[in-house]
There are 2 protein chains.
Amino acid sequence: MKKHNFYAGPSVLPEYTKQKVAEAALDFAGTGLSVMEVSHRGKEFVAVMDEAIALVKELLNVPEGYSVLFLQGGASLQFLMVPYNLMKAKAAYLNTGAWASKAMKEAQFFGEVVEVASSKDKNFNYIPKSYEVPADVDYLHITTNNTIFGTELKSDPDVPVRLVADMSSDIFSRPIDVAKYDLIYAGAQKNLGPSGATLVIVKDDVLGKTGRQIPTMLDYQIHIKNESMFNTPSTVAVFACLQTLKWLKENGGVAEMEKVNIAKADLLYGELDRNKLFVPTVPAAEDRSRMNVTFVMAPGYEALEKEFLDLATAKGMVGLKGHRSVGGFRASTYNALPLESVQALVDAMKEFEAIH
Amino acid sequence: MKKHNFYAGPSVLPEYTKQKVAEAALDFAGTGLSVMEVSHRGKEFVAVMDEAIALVKELLNVPEGYSVLFLQGGASLQFLMVPYNLMKAKAAYLNTGAWASKAMKEAQFFGEVVEVASSKDKNFNYIPKSYEVPADVDYLHITTNNTIFGTELKSDPDVPVRLVADMSSDIFSRPIDVAKYDLIYAGAQKNLGPSGATLVIVKDDVLGKTGRQIPTMLDYQIHIKNESMFNTPSTVAVFACLQTLKWLKENGGVAEMEKVNIAKADLLYGELDRNKLFVPTVPAAEDRSRMNVTFVMAPGYEALEKEFLDLATAKGMVGLKGHRSVGGFRASTYNALPLESVQALVDAMKEFEAIH
C-alpha cells in the first residue's frame with residue numbers, strides 16, 4: 001500500500017534522495033566503497049560538501065559575505081551557539097512556541113533575554129504582530145515556523161537590529177531574502193535530509209564581536225575557517241542533504257516549492273474550514289503554517305478522534321497524531337510530500353463526514 | 001576490483017552494515033518508509049535506539065550504574081562536555097597526541113589542566129609509562145588509541161582518581177573492564193558506524209557534582225533522562241551503529257575481535273620488522289596500535305614512497321597515505337577490515353622488496 005508520510009520530523013524525503021542514499025550506502029561515487037566508509041578528507045566527499053554548500057547558496061540566492069555551514073547537534077545546539085557567538089549582554093526573542101522558549105532558555109546563560117512578545121496566552125495559536133524591539137539588543141531571534149502549534153511567519157520581517165531565525169521546519173519552502181537575516185539555522189530533518197546535519201547561514205562580519213572566548217566546537221569562525229570540516233562531519237547526512245538540494249533545483253527551486261506548498265495548504269485548510277467535523281487550531285489565515293497543519297475535532301465530535309485516526313491509518317497515512325500540547329491532528333506537508341497525499345487526506349475527511 | 005579499505009576514519013564497515021543501511025534507506029522495519037523519514041519517537045526507531053544501547057551494554061559487559069548514550073558532535077564535542085560535566089577545578093591529562101592535546105585545550109576553560117606526561121619529545125611515538133597523577137584532580141583523561149601516531153594503550157589502567165577515556169578509535173576492538181572507567185566516549189566512525197553518532201558510557205553517580213550550571217545540550221544528565229532523545233538523534237547513524245553491533249555479536253563479540261586484531265597486527269608488524277624497505281614508526285612493541293599501523297620507508301629508501309603507494313593503489317588499496325605529521329604510511333586495521341586485506345598489503349610489501 002502507498003504510504004502518505006505526514007510525520008513532523010524526521011519526515012518525508014524525495015524518492016530521489018532515498019534512492020541515491022541506498023545506492024551510495026553500497027558504492028559511493030564509483031569508489032567501490034560505501035559513503036559511510038570513506039574519509040571525509042578524500043576528494044569524493046569534499047566534492048559532496050562543496051556542492052551542497054554551493055547549492056544552498058544558489059537555491060536561496062545567498063549574498064556575498066555569508067558563509068554556509070553543515071554542523072551537527074540539531075537546532076537545539078544552535079540555541080546555545082547563537083548567543084555564545086552573537087550576544088554581548090542583551091538579546092530579544094519572539095516567543096512563538098516550544099522551540100522559541102527553549103532557545104530563550106539557553107540565551108539566559110549569556111545575559112538579559114527580552115521577550116518582545118509571546119502568543120502563549122492562546123497556546124501559541126497566532127504570531128504576535130505589534131511589538132517593539134529594544135534598540136540596544138544584540139539581535140532579535142525568531143522561529144519562522146512552529147512545528148508543534150502550526151503557525152508560520154511567511155514573510156521576512158524588517159527589523160532595526162540583527163535578525164536571527166530558526167528556519168528548521170520551513171527553510172527551502174519559499175524564497176527568502178537572506179540579506180534581511182544575519183544568521184539562519186535549520187535542523188535538516190524536515191525539508192532537507194535526515195537528522196544529524198544542521199544547516200547554518202551566517203553573515204561573516206557579525207562574528208567575533210562579543211569579546212568572549214568560545215569553546216572550539218561552538219565557534220562559528222572555527223567551522224567557517226575549516227569549511228565545515230574542523231572535525232568529521234556527519235557524512236551520510238550531508239550526502240543525503242545534497243541529494244535533496246539537487247532534487248529541489250531539478251524541480252524548480254524554492255519558487256516552485258512555494259507554489260506547490262500554497263496549493264497543498266489551500267486544499268487542506270479549505271477542507272478544514274468547510275468540513276463541519278474538523279476545526280483548524282490556528283484561526284488567522286495569515287498565521288497558518290504551510291508546513292504543519294494542526295487541527296482538532298469540532299466541538300461535539302471530540303469522541304470521534306480515534307475513529308478518524310484509524311480510518312486515515314487504514315488508508316496508509318502515518319504521522320497524523322497531533323503533538324500532546326495541542327492534541328488532535330497534525331498533517332506535516334513538507335516540500336517532499338506530494339499533493340496527492342494531501343488529496344488523500346482531504347478525501348478521507350470527506351468520507352468521514354459522509355459517515356457521520 | 002576488490003577494494004582494501006585502510007582509511008583512518010570514516011573507515012571500513014562490515015558488509016552487513018552497508019547492506020542493511022541500503023535496504024533501510026528505502027524501506028525500514030516494514031514501514032514502507034525510509035529510516036531517514038520516520039519519527040525518532042515512533043516505535044520502530046525507539047526499538048533501534050533501545051537495542052543499540054542494550055547491545056553496547058552486553059558486548060562491553062557494562063556494569064549496573066552506568067548509562068549508555070548516543071549523541072552528536074563527535075569526540076570533539078566530548079572534549080568540551082567532559083570538563084563541563086566533571087571538572088570542578090583541576091584535571092589531569094595524559095598527552096599522547098593530537099587528540100589528547102585538543103581535549104586539554106577545551107578543559108582549560110574550566111580550570112587547571114595538569115599534563116601528567118607527554119610523548120611529544122619523540123613525536124608521540126610511545127605511550128608514557130611512569131607518571132604521577134595528583135590526588136586532588138577531578139579525573140585523569142587518557143586517549144587509548146592515537147590514530148595519527150599509531151600508539152595504543154592496550155590495557156585498562158589502575159588509577160587512584162576518576163578515569164575518563166577517549167576510545168574513539170579502539171572501542172570494541174578488545175574486551176575492556178568498564179568498571180575501571182568513569183566515562184568512556186567514542187566517535188562512531190571507526191569500529192562502530194558512520195560519522196554523526198558519538199557513543200558515551202558514563203557512571204551515573206559522577207555527574208551533577210560540579211555545582212556548575214550546564215547548557216542543556218552539553219549536560220549528560222539531560223541526555224540520560226531523555227534516553228538520548230532530548231532532541232532528534234542522528235537516526236541513520238544510530239541505525240547503522242546497531243547493525244555493526246549485531247555483526248559484532250554474531251561474530252563472537254569483542255573477545256573474538258581481539259583475536260583477529262592481534263592476528264592482523266602480528267602479520268603486519270612482523271613484515272615491517274622483517275622487510276628492509278620499511279620501518280614502523282613506533283619502536284616499542286607494547287605501544288604499537290592494533291588499529292593504526294604507521295610506517296615509513298627505511299633510511300635510504302625514502303625516494304620510493306610514492307612508488308609503493310602507487311603499487312598498493314593499483315592493487316585496490318585505499319587510505320594508506322600517512323597523516324602529514326608522521327608522513328609515510330598508515331594502515332588502519334579496524335574490526336571490519338578482513339585479514340585478507342592485511343595479507344594483500346604484506347604481499348605488496350614483499351613484492352616491492354623483490355623489485356628493489
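Contact here means heavy atoms within 4.5 Å. By that rule, in this predicted model, the contact draws 52 residues from chain B and 52 residues from chain A. Together the two chains bury about 4,400 Å², with 61% of that area on carbon and sulfur atoms. On the side of chain B, three residues deserve a look: B:Lys18, B:Met36 and B:Glu37 supply 15% of the area that chain B buries against chain A, more than any other three residues. Two salt bridges are found across the interface of chain B and chain A. In one salt bridge, the side chain of B:Glu37 meets that of A:Lys18, at 2.7 Å from N to O.

The arrangement of the two copies comes next. Chain B is superposed on chain A by a rotation of 180° with 0.0 Å of shift along its axis, and the RMSD is 0.0 Å. The two copies are therefore related as by a two-fold rotation axis. The same surface serves both copies, as 100% of the contact residues of chain B recur in chain A.

A pair of aromatic rings is described by the distance of the centres and the angle of the planes. Over all chains, 26 aromatic pairs are counted. In the pair of A:Tyr93 and A:Tyr139, the ring centres are 5.8 Å apart and the planes stand at 70°, so this pair is edge-to-face. Because A:Tyr93 belongs to strand β3 (residues 90-95) of chain A and A:Tyr139 to the loop between β4 (112-118) and β5 (140-143) of chain A, the pair ties together parts that are 46 residues apart in sequence. Both A:Tyr93 and A:Tyr139 are buried.

In chain B, the rings of B:Tyr93 and B:Tyr139 likewise have centres 5.8 Å apart and planes at 70°, so they too are edge-to-face. B:Tyr93 counts as buried at 1% relative accessibility, and B:Tyr139 is buried at 0%. Elsewhere, A:Phe278, A:Phe295, A:Phe308, A:Phe329 and A:Phe352 form one aromatic cluster.

Finally, helix α9 (residues 339-355) of chain B has 17 residues, which at 1.5 Å a residue should span 24 Å; its end C-alpha atoms are 24 Å apart, in agreement. The buried residues of α9(B) include B:Leu345, B:Met349 and B:Phe352.

Methods: Residues are numbered from 1 along each chain as its sequence is written. Chains are lettered from A and ligands numbered from 1 in the order in which they are written. This is a predicted model: local features need pLDDT of at least 70, side-chain atom pairs count only at pLDDT 80 or more; totals for chains, interfaces and linings use all residues. Side-chain values use heavy atoms; hydrogens and water are left out. Copies are superposed by least squares on the C-alpha atoms of residues with pLDDT of at least 70 in both. Rings of Phe, Tyr and Trp (its six-membered ring) pair if their centres lie within 6.5 Å; planes under 30 degrees apart count as stacked, over 60 as edge-to-face and the rest as tilted. Helices (H or I, at least four residues) and strands (E, at least two) are DSSP runs, numbered from the N terminus. Buried means under 20% relative accessible area, exposed over 50%, partly exposed in between (1.4 Å probe, protein chains only). The expected span of a helix is 1.5 Å times one less than its number of residues. Buried area is the accessible area (1.4 Å probe) that two parts lose on being put together, summed over both. A salt bridge is a side-chain nitrogen of Lys or Arg within 4 Å of a carboxyl oxygen of Asp or Glu.
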